[in-house]
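Welcome! Here is a short tour of a structure that may be new to you. Take a look at it first, and then read on.

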Amino acid sequence: MSDCSPRTLALLRDLIAFDTTSRNSNLDLIHYIRDHLAALGVESTLVFDDTRTKANLYATIGPTDRGGICLSGHTDVVPVDDQDWSSDPFTLTERDGKLYGRGTADMKGFVATALAMAPDFLAAELKTPIHYAFSYDEELGCIGVRGLLERLAGMAVKPRFCIVGEPTSMQVVVGHKGKLSMRCHVHGHACHSSLAPRGVNAVEYASEVVAYLRRMGRRFALEGPFDPDYDVPHTTVHTGVIQGGTARNIVPTDCAFEFEFRHIATHPVAPMLAEVQDFAHKTLEPEMRAVQPGTGFSWAPLSEAPALDTPPDLDDVALVKHLVERNDHGKVAFGTEGALYTSMAGIPAVVCGPGDIDQAHKPDEFVSLDQLARAERFLTRLKAAVVA
């Protein structure tokens, strides 16, 4: 098994020690990265959220008069609450060639590897710049990077291409599904359950919409559209949370549920949402309001991210395949910030990074030393490519 460099290990140890769970500020980590780069003579730009308790970081090594290759990663991690860890999740721990800690795979391993290459990038006479872009609140729906991308979209010189280092076991990923998450609130009318027809049962009407969503999911599975590059080659529909009612003998006045569409790029999500909303408002609401005016449905978006669908024949995609020494590409069901680079800033993107997504969000999350070593070799070959 190959070992990664001491420089990467030291950086990863420091990054893991910052508890950047999305509910927390990431500024201590961002300042650490800023200071690390400043000590090497690299200036960073911070793009803050409205509260100035979180920030994205953007930095460039090499010429500033042309766009280069952006190495992108998020700095936040998911919670460890109620997870049974074998070691402190915020202390990097090595066992049997694996490095354990929250964020080792998702995705501080990539961030550490990219930062460890900074002295090598600086020592080379880069013809094409390397950009660093590190974001916040990716785990909450790719929220933080949007402010950075708005800034990049307005710049005269911006990256020409982006590599998002999410864990793909160093496979080149050119596509992922988009996602729309919604909350539906059903407003009913309460009465005693012995007089149920005089009430409007919010739980039952919510159930009808949930069942309709389920039928939509079955239809997509049978009829498509399909994309065979995905493990699940069609759009999926999922209801994950439902809450309603107070007692068995009270017709419930309120019910709320949360659902999502994870859609392939060739299957627009807006008509899907319109379909289920039309069913609720045109079929169910008239029944409800015939019993009690003012009842019905309201909707609130929770998160939305577009699908990634980068043409695999782009020159920069071919470059990344060359750098990882494999000629194939794939698509994944999980979302990344890559699609936003394209949709918001016009920057094509692929996803390629060390570690296995199967380790993400679990107790005893790990990245193998071999995966980090492969990422280092990838970035070393990138350095050679942008010097030429």
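A residue is called buried when its relative accessible area is under 20%, exposed when that area is over 50%, and partly exposed in between, using a 1.4 Å probe and protein chains only.

## About the model

This is a predicted model, in which local features need pLDDT of at least 70 and side-chain atom pairs count only at pLDDT 80 or more, while totals for chains, interfaces and linings use all residues. Residues are numbered from 1 along each chain as its sequence is written, and side-chain values use heavy atoms, leaving out hydrogens and water.

## The cysteines

A disulfide is counted when two cysteine sulfur atoms lie within 2.5 Å. By this rule there are zero disulfides. Cys4 has its closest cysteine sulfur in Cys352, 17 Å away, which is too far for a bond. Cys162 is in no disulfide either, with the sulfur of Cys70 nearest at 4.2 Å.

Both residues are tucked away from the surface probe: Cys4 is buried, at a relative accessible area of 8%, and Cys162 is buried, at 0%.

## Thr168 in its loop

Where does Thr168 sit? Its place is the loop between β7 (161-164) and β8 (173-176); strands here are DSSP runs of E with at least two residues, and helices are runs of H or I with at least four, numbered from the N terminus.

Thr168 is buried, with a relative accessible area of 10%. Leaving aside residues up to four places away in sequence, Thr168 touches Val173, Val351, Cys352, Gly353 and Gly355, where contact means heavy atoms within 4.5 Å.
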